[in-house]
Amino acid sequence: MIVLASASSARLALLRGAGIDPKVIVSGVDEEAITAPTPAQLALRLAQEKARKVAAGLSEGVVIGCDSVLELDGRPYGKPGTAEVAVERWRMMRGRTGRLITGHCLIDVAAGREVAAEAATVVRFGTPSEEEIAAYVATGEPLGLAGGFSLDGYGGWFVERIDGDHGNVLGLSLPLVRSLLEDLGYAVTDFWR
């Protein structure tokens, strides 16, 4: 059994589209309370905290915890949370390149084993006008997304290109999860429906 320690509909859709129907248990970890020296370490630590919290309440299964941050100028940017922050974020991002980093942590609950790693994808942002930024923020979409953008929604209009794993930008790298499952002694096909 795979358990997804996330409320992310994009992560759930990625797994379902790839043949896995996970049980979803939201961790409830306070993301704002966690810090780390670098954006990559922050993404990884958040993923570990989420997976560990969910795994602590289970007796079996493989828990997948993930968290994403946008790295721009060496600083991490999570969910904007408010329209004002989202507008400022887009003004800062437009025409620039950042890295979307997703931490991944898998825990085999019964075996008591944990593996973790992060994946990074380079994102080149377009140059939306002030009107386009206002319209995008008004959709509400960027408020709850790492970095304040999506590829698979309205935000996709304003991302010029990516270099790396598309799924990672959506919040879960299927190739990395496959590799981490192998580290735990499983084949991804063991979990296909």
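Predicted model: local features only at pLDDT ≥ 70, side-chain atom pairs only at ≥ 80, totals over all residues.
How do the residues of the lining of the largest pocket divide into nonpolar, polar and charged?

Residues are numbered from 1 along each chain as its sequence is written, and side-chain values use heavy atoms, with hydrogens and water left out.

Now the pocket. A pocket here is an open set of points on a 1 Å grid over the protein atoms alone, where a 1.4 Å probe fits and there is protein on both sides within 12 Å along at least five of seven lines; its lining residues have an atom within 4 Å of a point. The largest pocket has a volume of about 770 Å³, the volume being the space filled by probe spheres set on the points, which are joined across faces, edges and corners. Its lining is made of 38 residues, and those nearest the centre are Ser 68, Lys 79, Gly 144, Leu 145 and Ala 146. Two or more lining residues come from each of α1 (9-17), α2 (39-55), β3, β4 and α5 (166-170). Those names are DSSP runs numbered from the N terminus: helices are H or I with at least four residues, and strands are E with at least two.

So, back to the opening: the lining has 18 nonpolar residues, 12 polar ones and eight charged ones. In this count Ala, Val, Leu, Ile, Met, Phe, Trp, Tyr, Cys and Pro are nonpolar, Asp, Glu, Lys and Arg are charged, and the others, Gly among them, are polar.

Let's move to strand β3, which spans residues 62-72 and holds Val 69. Is Val 69 buried or exposed? Val 69 is buried, because its relative accessible area is 3%; buried means under 20%, exposed over 50%, and partly exposed in between, using a 1.4 Å probe and protein chains only. Beyond residues up to four places away in sequence, Val 69 touches Pro 39, Leu 42, Ala 43, Pro 76, Tyr 77, Arg 99, Leu 100, Ile 101 and Ala 146, where contact means heavy atoms within 4.5 Å.

In the loop between β3 and β4 (75-77) you will find Asp 73. Asp 73 counts as exposed because its relative accessibility is 59%. Although Asp 73 is not a glycine, its phi is positive, about 55°.

Next, the strand pairs. Strands β5 (residues 97-108) and β6 (residues 113-125) run antiparallel, joined by 12 bridges; two strands pair if DSSP finds at least two bridges between them. On to β7 (residues 159-163), which is antiparallel to β6 and joined to β6 by four bridges. Here Val 122 has Asp 163 in β7 as its bridge partner.

Two helices are left. In α4 (residues 130-138), the buried residues include Ile 133, Tyr 136 and Val 137. They are on the same side of α4 because they cover an arc of only 95° around the axis, the arc being that of the directions from the helix axis to the C-beta atoms. Turned away from the buried side of α4 is a face with the exposed residues Glu 131 and Ala 138. The cover over the buried residues of α4 includes α3 (83-93). Also in α4 is Glu 132, which is partly exposed, with a relative accessible area of 36%. After α4 comes Gly 140, with a positive phi near 85°.

Finally, helix α6 covers residues 174-183, and Leu 176, Val 177, Leu 180 and Leu 181 are buried there. Their arc around the axis is only 140°, which puts them on the same side of α6. What lies over these buried residues includes β1 (2-4), β3, β5 and β6. Just after α6, Gly 185 has a positive phi of about 95°.
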